[in-house]
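Welcome, and thank you for taking a look at this one with me. Please open the model and keep it beside you while you read.

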Amino acid sequence: MEENNIEKLDSYIKELKSSNFELSMTILTQLYEVYLENDMIEKANEIHKQILEKNPDFVINRYKKVMMAEALIRANKFDEAIQYLKDNKPTDDITSNFALNAKCWQVLNGVCEEKDVTKIKTLTETLINNNYIEPSNVLLGPLIKVHILRDDLDSALNEFEYCCKQYRSTPWKGELTKALILKEDATKLQWLADLSTQIHGEINILHDLVLAFVECGRLRQARRILETPGLLARRRRVDEACRRYEEEGKSEYLEGLLEATRDLSILDRSNIFYHLLVTYCKANETDKAVGLWTTLQEEGEIPTDEFLIYLGNHLKSQNKEVPFVIPQPNTNVQKKQDEAIIKTLATRKEPVQPTKRGISEQIEKLINDGLLSQAVDFTIKSVEDGVVPRQNIIKYLLKSLAAEGSVEKIQMLGRYINEEMRRKVTYDDKMTAAIFNRGGGDQHVSNLLLTVEATQSPDELKSVLTKFPRSKALAAAVSNEELSKKCLKIAEISASKGITLPLNLLWLEYLIADKKEEADAIWKKYLIKSESLVFRRLLQESHIQSKPKLIEELISYLKTNPTILPSTLGNAYSRLINLHLVHNNLDLAKAVTDEAFKSGLKDTDLNRTTLERLKSAFEEAGKAYQ
């Protein structure tokens with residue numbers, strides 16, 4: 001059953017029956033689920049009959065009933081699924097059940113994707129009215145989402161009003177708020193806020209509006225709300241938003257929140273500074289991180305010890321000078337107490353209901369304290385106990401291990417990461433980086449070249465190329481003439497078999513290393529007509545090194561490619577404008593914007609937030625913007 005191999009399962013069951021083995025109730029109920037998961041409704045019904053023969057009083061739980069409905073819906077028997085749910089209405093009281101709610105949301109969301117308003121309305125009301133679920137923002141969300149998918153904002157707002165009045169819930173409130181802000185529909189925005197206030201209270205909704213305005217780049221409106229007399233900023237709400245922005249890598253939201261709260265005494269901004277710092281460091285934007293420390297001093301803010309320790313450790317990991325004294329922890333006693341707690345958690349056989357968030361925060365603290373071995377052990381123990389840490393934390397741990405060349409620790413951790421997670425956390429990239437940082441780059445590239453030369457299958461080649469060096473590892477290879485030639489040979493062999501990504505990556509490193517001749521050769525021979533190009537690494541380096549010339553060169557190349565989408569070129573222009581804005585070069589930023597439009601790009605091709613920042617910067621400087 002664990003393999004989900006139905007043919008093998010059926011064969012095994014026949015063998016058991018032929019030997020007069022009696023299937024237990026536990027096995028029968030598991031078989032019922034397996035058949036439903038594989039849309040084998042008739043077989044599931046047969047199992048149900050066997051269950052009732054063994055125990056006529058047995059009642060299938062809500063979860064399995066919803067599974068049956070889901071199987072019927074997948075079989076295009078929607079009406080039959082609705083009737084089944086009604087005919088088998090549970091009679092007991094609803095208790096909190098995460099698995100059931102998750103399953104119901106999955107079914108509702110699947111129906112929602114069909115964009116059929118009637119179906120999603122019918123299914124939601126059937127589940128609620130027949131005692132399967134209690135209404136919540138999450139489970140009511142598809143009622144709003146279906147209208148958004150149909151690009152029908154007015155109907156979404158009407159459904160929102162119904163949910164507010166019928167269920168005292170506000171599904172998709174944040175998304176609707178931002179949609180109205182971007183449409184600049186003040187009347188409907190006020191209406192939405194008034195409806196929500198009746199449920200959540202005025203102060204909570206005002207804070208939600210502040211965050212929505214920040215996320216839409218409307219910082220003046222956000223600040224106006226924060227300046228409301230008598231409004232006390234609730235630190236918990238702001239802290240939760242900062243943590244979410246950090247996890248999602250949304251540095252622009254944190255930057256906006258900092259700007260909107262400048263010189264306001266009602267809010268302690270230290271947490272915003274800290275989460276923005278962590279976001280910069282995780283994105284390897286070291287110059288921005290140091291710039292944030294400078295900004296703190298310019299604004300008369302006192303950096304917290306937490307801020308200075310994190311920034312100091314990051315600068316040391318990048319082999320950069322630390323321009324301040326890194327504070328020491330308060331006492332050795334506190335550190336020993338922390339380590340004792342960690343050890344207890346890691347060895348406890350029966351954890352006290354650990355959560356993904358709590359585990360992730362503990363691992364992050366270990367990483368920040370430089371306790372990487374303990375972080376690895378704790379991560380593995382957590383996975384064994386059934387709690388997988390957040391993806392971004394696993395990625396952060398791998399990145400930290402790679403920086404130290406800890407190949408064995410990465411391999412150890414890799415045994416507990418499935419293929420999907422490996423792909424999401426770029427496991428192979430981190431392993432390659434660790435090998436290079438340990439000094440084994442030459443051997444790694446030589447072995448890779450031999451493997452690529454011997455590989456025939458395109459799918460096998462794609463798998464092999466996950467070990468091709470990237471980022472700093474590839475930069476190190478490019479700086480070595482012999483390694484650079486080997487990497488080029490690997491890339492050219494790959495291109496001859498239809499895979500141009502290694503050449504794309506190599507071209508970027510040649511540009512960053514100012515090896516114009518090598519970059520030109522790759523561009524003209526392989527990339528000038530490529531429909532898909534990646535260049536995020538170059539954009540990051542241009543910001544870290546404060547080199548707008550890098551993006552200017554990138555743009556000049558992109559313009560010679562007739563297959564490049566306007567939005568791709570617009571992305572490069574937007575980052576160049578941002579770079580000039582970071583250094584307060586408003587006239588240069590405006591000149592780049594004008595150049596972008598003259599080249600044929602439209603407003604929609606450029607980043608909306610970038611254009612809004614440019615306009616705001618001009619207005620704040622007292623300059624006319626046209």
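The numbered points below go from the overall picture to single residues.

1. A word on what you are looking at: this is a predicted model. The protein has 36 helices and zero strands, and its C-alpha trace spans about 80 × 70 × 65 Å along the principal axes. Of the 626 residues in the protein, 46% are buried.

2. Let us start with the largest cavity. Its lining is made up of His 207, Val 210, Leu 211, Leu 226, Arg 237, Val 238, Leu 257, Thr 261 and Leu 267. Two elements, helix 12 (202–215) and helix 14 (235–248), each give two or more residues to this lining. The largest share comes from helix 12, with three residues. Sorted by class, the lining of the largest cavity has six nonpolar residues, two polar ones and one charged.

3. Now for the second largest cavity, whose lining consists of Val 66, Ala 69, Ile 73, Leu 85, Val 107, Leu 123 and Leu 127. Here the elements giving two or more residues are helix 4 (62–74) and helix 7 (117–129). Helix 4 gives the most, with three residues. Which classes of residue line this cavity? There are seven nonpolar residues, no polar and no charged ones.

4. Next come the aromatic rings, where the count is seven aromatic pairs. One of these pairs is formed by Trp 507 and Tyr 557, an edge-to-face pair with 5.4 Å from centre to centre and 90° between the planes. Trp 507 belongs to helix 30 (residues 501–512) and Tyr 557 to helix 33 (residues 548–558), so the pair ties together parts that are 50 residues apart in sequence. Are these two residues buried or exposed? Both Trp 507 and Tyr 557 are buried. Ring pairs also bring in Trp 523, linking it with Trp 507 and Tyr 557 into a cluster.

5. The charged end of Lys 121 sits over the ring of Tyr 162, at 3.8 Å from the ring centre. Lys 282 does likewise with Tyr 396: its charged end sits over that ring, 5.3 Å from the centre.

6. Please have a look at His 147, which is found in helix 8 (residues 137–149). Why does His 147 count as buried? Its relative accessibility is 7%, and buried means under 20%. Leaving aside residues up to four places away in sequence, His 147 touches Val 117, Asp 152, Ser 155, Ala 156 and Glu 159.

7. You will find Ala 193 in helix 11 (residues 186–200), and at 11% relative accessibility it counts as buried. Which residues does Ala 193 touch, not counting those up to four places away in sequence? They are Ile 205 and Leu 209. The C-alpha atoms of Ala 193 and Leu 209 are 8.2 Å apart in space, while the two residues are 16 apart in sequence.

8. Finally, two loop residues with a positive phi. Asp 39 has phi near 60°, a positive value in a residue other than glycine. Asp 39 lies in the loop between helix 2 (25–37) and helix 3 (41–54), and counts as partly exposed at 38% relative accessibility. Asp 151 is not a glycine either, and has a positive phi of about 60°. The place of Asp 151 is the loop between helix 8 and helix 9 (153–167). Is Asp 151 buried or exposed? At 72% relative accessibility, Asp 151 counts as exposed.

Terms used. Residues are numbered from 1 along each chain as its sequence is written. This is a predicted model: local features need pLDDT of at least 70, side-chain atom pairs count only at pLDDT 80 or more; totals for chains, interfaces and linings use all residues. Side-chain values use heavy atoms; hydrogens and water are left out. On a 1 Å grid over the protein atoms alone, a cavity is a set of points where a 1.4 Å probe fits but cannot get out, and a pocket is an open set with protein on both sides within 12 Å along at least five of seven lines; lining residues have an atom within 4 Å of a point. Helices (H or I, at least four residues) and strands (E, at least two) are DSSP runs, numbered from the N terminus. Ala, Val, Leu, Ile, Met, Phe, Trp, Tyr, Cys and Pro count as nonpolar, Asp, Glu, Lys and Arg as charged, and the others, Gly among them, as polar. Buried means under 20% relative accessible area, exposed over 50%, partly exposed in between (1.4 Å probe, protein chains only). Contact means heavy atoms within 4.5 Å. Rings of Phe, Tyr and Trp (its six-membered ring) pair if their centres lie within 6.5 Å; planes under 30 degrees apart count as stacked, over 60 as edge-to-face and the rest as tilted. A charge sits over a ring if NZ of Lys or CZ of Arg is within 6 Å of the ring centre and within 35 degrees of the ring normal.
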